[in-house]
Amino acid sequence: MQKHCLAGVAQHKIEALNTNLRGFLKQIVAIYPGSFDPVTNGHLDLIHRGCKLFDRLVVAIARNPEKDDSLFSLEERMEMLKAMTADLDNVTVDAFEGLLMTYCIENHANAVLRGIRAVSDYEFELQMALMNRKIEPRVETVFMMPAEKYSYLSSRIVREIASFGGPLSGFVPELVEAHLRRRVAQKRAATSEIPIK
Ligand SMILES: Nc1ncnc2c1ncn2[C@@H]1O[C@H](COP(=O)(O)OP(=O)(O)OP(=O)(O)O)[C@@H](O)[C@H]1O
Ligand SMILES: [Mg+2]
């Protein structure tokens, strides 16, 4: 019956109706925040899924100058992310400091993209999403799941494997692997210069 009624409605009227229903959500701009230290194939899987769903996707590296023990500098992380997303027209890379919700509003974003790997992610992500909603109800958090093969992958585990010279192929792109090998070698060289007492 519904189908039959709609069949007679002009296309432009349907579009007007959709615009009204979606309101200011008609352009969906999403922020994908994280530390990306470094970007993994799991992050990239999510970015590829997200850019199909949103009109624009901003991958935003969170800066925490007070507690910065990251392996790569902000500039290095940004450079790797930009190289790996260069072919995606609606994806940009940025950095931010402070409250994620403030950054969202400043950038006219109406969604936050987060990834759920295993149950262990859920509790922390739920707490964050609910707190963010309390701070800014106009921004929705959207959770996506990666391909199964990436569901155990994290930057931390990649850093750990790299530090022991283990295999990285399939976990990170070749460019990121090269950066990781170089950084580990630099760190080794720096520590071997310290005389052992
Ligand atoms: N393999 C993955 N599959 C799906 N989502 C992921 C994956 N890795 C990270 N994410 C998601 O990306 C977002 C940013 O995560 P983050 O930059 O902390 O990566 P991470 O791999 O968890 O790094 P770290 O191990 O340093 O905490 C989070 O929502 C996280 O759940
Ligand atoms: Mg993490």
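**View 1. Gly115 of E4 and its bridge partner in E5.** E4 and E5 pair in the parallel sense over 5 bridges. Two strands count as paired if DSSP finds at least two bridges between them. Helices (H or I, at least four residues) and strands (E, at least two) are DSSP runs, numbered from the N terminus. Residues are numbered from 1 along each chain as its sequence is written, chains are lettered from A and ligands numbered from 1 in the order in which they are written. In this predicted model, local features need pLDDT of at least 70, side-chain atom pairs count only at pLDDT 80 or more, and totals for chains, interfaces and linings use all residues.

**View 2. The open sheet.** Five strands line up in the order E3-E2-E1-E4-E5, with parallel pairing. E3 and E5 are the edge strands, each pairing on one side only. From one strand to the next, the twist averages 30°. Axes here are lines fitted to C-alpha atoms, for helices over the stretch in contact, and angles run from 0 to 180 degrees between N-to-C directions. E1 and E4 run parallel and are joined by 2 bridges. Ala30 is partnered with Ala111 in E4. E2 and E3 are parallel too, over 7 bridges. There, Ala62 has Phe96 of E3 as its bridge partner. H4 packs on the sheet, touching E2 and E3, and its direction makes about 160° with that of E3.

View 3. H3 (residues 41-53) has 13 residues and reaches 19 Å from its first C-alpha to its last. The expected span is close, at 18 Å; it is 1.5 Å times one less than the number of residues. H3 lies across E1, E2, E3, E4 and E5, running at about 175° to E1. Its buried residues include His43, Leu44, Leu46 and Ile47. They pack against elements including E1, E2 and helix H4 (74-85). Contact requires C-beta atoms, placed from the backbone, within 7 Å.

**View 4. The shell around ligand 1.** Ligand 1 is surrounded by 18 residues, and the closest are Gly34, Gly42, Gly115, Pro146 and Arg156. A residue is near the ligand if its C-beta atom, placed from the backbone, lies within 6 Å of it. H3, E4 and helix H7 (155-163) each supply at least two shell residues. H3 gives the most, with 3 residues.

**View 5. Tyr103 in helix H5.** Tyr103 sits in H5 (residues 100-106). Tyr103 counts as buried because it has 20 C-beta neighbours inside 10 Å. Buried means 20 or more other C-beta atoms within 10 Å, exposed 12 or fewer, and partly exposed in between, with C-beta atoms placed from the backbone. Leaving out residues up to four places away in sequence, Tyr103 touches Ile31, Ala60, Phe96 and Gly98. Tyr103 and Ala60 are 43 residues apart along the chain, yet their C-alpha atoms are separated by 9.4 Å.

**View 6. Backbone features in two loops.** The loop between E1 and H3 holds Phe36 and Pro38. The peptide bond from Asp37 to Pro38 is cis, with omega near 0°. Phe36 is not a glycine, but its phi is positive, about 50°. Phe36 is buried, with 25 other C-beta atoms within 10 Å. His108 lies in the loop between H5 and E4. Its phi is also positive, near 55°. His108 is exposed, with 10 other C-beta atoms within 10 Å.

Definitions and conventions. Two residues are in contact if their C-beta atoms, placed from the backbone, lie within 7 Å.
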